[in-house]
Amino acid sequence: MTSKVTLTVNGKERSADVEARTLLAELLRDQLGLTGTHVGCDTTQCGCCVVHVDGKAVKSCTMLAVQASGKQVTTIEGLAAADGTLHPMQEAFREHHGLQCGFCTPGMVMMGIDIANRMPGADEKTVREQLEGNLCRCTGYQGIVEAILSVANPGAVKDHHHA
Amino acid sequence: MHNFDYHAPKSLDAALTMISDREEAKIIAGGMTLLPTLKQRLAAPSDLIDLAGIADLRGVKKDGNEIVIGAMTCHNDVATSDIVKANIPALAKLAGIIGDPAVRHRGTIGGSLANSDPAADYPGAVMGLNGTIVTNKRSIKADDYFLGLFETALERDEIITSVRFPIPERAAYQKFRHPASGYAVVGVMVSKTGADVRVGVTGAGPCAFRMSEMEAALAKSFTTDAIKDLKGNADDLLSDIHSTNEYRAHLVGVLARRAVAEA
């Protein structure tokens, strides 16, 4: 049995028929074609599937699609401007080389924005603690932390790679 | 995950009717434990009754000498609540180190307590702060609530509506955090209010419990020295791949002393 779920995704109202057990990540990827949201572990640990629901970072592999009914969902596809101008956090990841293979990147960027929103002025230690639930198996954390820090707390980043 | 029917009642009464009409139904709060459990097919309820739409179950307030936290209040909202930070900072700290930020945006205090995972943080807070679990039927004191591994005093048709915490004079929470999962290998909440001292322990045994010998010693002298020779009773504690029961017993002593020093 399916039911219709209607939600706002990246500013547009979207509807789909889903089973009750359909995960938000599955709705986004398989039914709405938004494959930028990745599913790494499917066990709430890796954070590759992080999206924003009503402005807060959540793991979309551990939320039912029906639970997002009526909510505002933002995915990695919803960040850049229509003309392709990157969101400041995406730009920061580019600038600070905050990715290697790229698999964890959508979740890292979405969590990075959440951290910067919640904790403006966060120091490096705080950013690292806040990335607890986002795993980079390339272990490229240095660039990721720098990128997030450069947005959350611009003064804290030393311009080392241009030295 | 096996399929189920999903319901999102708008009131507690509607939720209670749904649960009494459906024998194999389960309540879902934040889903941070239940959804992974369903994915592993360790449970297969016929229905999920989601409490997220019941606005009355959310929020933090001060009521006389108690802090009252709605059952569906997420960990992040407890961690960042000005009321909690001003009155029971140890509780705000505890909520802020559960899981990770995304989990803290979904997971709830009521869900954590209804589940009573032996390694969850909130059971330690309820024990150590002498909290009261308020349901649609009654108020349950911390000492009567935790019965065993994933077992509580809750009845099938009973829903936690809020948790009440008396404001202590001093309190602190110390946790040996599992480096991967964030769960408490052991967590100790110590509080002092007048002559009353409580030491609540989570992570170490099948469910949260108190260390009465430590409480008696701390009531005489609220110092780390007073409990320097005390630790958990290994025979009552859990052994798993993360820690032996002997190590957990040791951690109970270490963390209790750190909590006393911090309080």
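Me: Is Asp82(B) buried or exposed?

Reply: Buried means under 20% relative accessible area, exposed over 50%, and partly exposed in between (1.4 Å probe, protein chains only). Asp82(B) has a relative accessible area of 61% and is therefore exposed. Lys85(B), at 42% relative accessibility, counts as partly exposed. This is a predicted model, in which local features need pLDDT of at least 70 and side-chain atom pairs count only at pLDDT 80 or more, while totals for chains, interfaces and linings use all residues. Residues are numbered from 1 along each chain as its sequence is written, chains are lettered from A and ligands numbered from 1 in the order in which they are written, and side-chain values use heavy atoms, with hydrogens and water left out.

Me: Which interaction joins the side chains of Lys85(B) and Asp82(B)?

Reply: A salt bridge is a side-chain nitrogen of Lys or Arg within 4 Å of a carboxyl oxygen of Asp or Glu. The side chains of Lys85(B) and Asp82(B) form one, at 4.0 Å from N to O. Helices (H or I, at least four residues) and strands (E, at least two) are DSSP runs, numbered from the N terminus. Both residues belong to helix H4 of chain B and are three residues apart, about one turn of the helix.

Me: Where does Ser81(B) lie?

Reply: Ser81(B) is in the loop between helix H3 (75–79) and helix H4 (82–87) of chain B. With a relative accessible area of 9%, Ser81(B) is buried. The side chain of Ser81(B) reaches the backbone nitrogen of Val84(B) at 3.0 Å.

Me: What does His75(B) touch?

Reply: Contact means heavy atoms within 4.5 Å. Not counting residues up to four places away in sequence, His75(B) touches several residues, among them Ala95(B), Ile98(B), Val103(B) and Tyr122(B). His75(B) lies in helix H3 of chain B and is buried, its relative accessible area being 4%.

Me: Which parts of chain B does the pair Lys137(B) and Glu155(B) tie together?

Reply: The closest N and O atoms of the Lys137(B)–Glu155(B) salt bridge are 2.6 Å apart. Lys137(B) lies in the loop between strand E6 (132–135) and strand E7 (139–141) of chain B, and Glu155(B) in the loop between strand E9 (151–152) and strand E10 (160–166) of chain B, so the pair ties together parts that are 18 residues apart in sequence. Lys137(B) is partly exposed at 42% relative accessibility, and Glu155(B) is partly exposed at 39%. A network of salt bridges links Lys137(B), Arg138(B), Glu155(B), Asp157(B) and Glu158(B).

Me: How far apart in sequence are the parts that Arg198(B) and Asp143(B) tie together, and what is the accessibility of each residue?

Reply: Arg198(B) forms a salt bridge with Asp143(B), with 2.9 Å between the closest N and O atoms. Arg198(B) is in strand E13 (residues 196–202) of chain B and Asp143(B) in helix H9 (residues 142–145) of chain B, so the pair ties together parts that are 55 residues apart in sequence. Arg198(B) is buried, with a relative accessible area of 8%, whereas Asp143(B) is partly exposed, with 39%.

Me: What area is buried between chain A and chain B?

Reply: The size of an interface is often given as the accessible area lost when the parts come together. Buried area is the accessible area (1.4 Å probe) that two parts lose on being put together, summed over both. Between chain A and chain B about 2100 Å² is buried, of which carbon and sulfur atoms give 57%. Arg21(A), Gln67(A) and Glu132(A) supply 28% of the area that chain A buries against chain B, more than any other three residues.

How values were computed:
A polar contact is a pair of N or O atoms within 3.5 Å; within protein, one must be able to donate a hydrogen and the other to accept it, and residues adjacent in sequence count only if both atoms are side-chain atoms.
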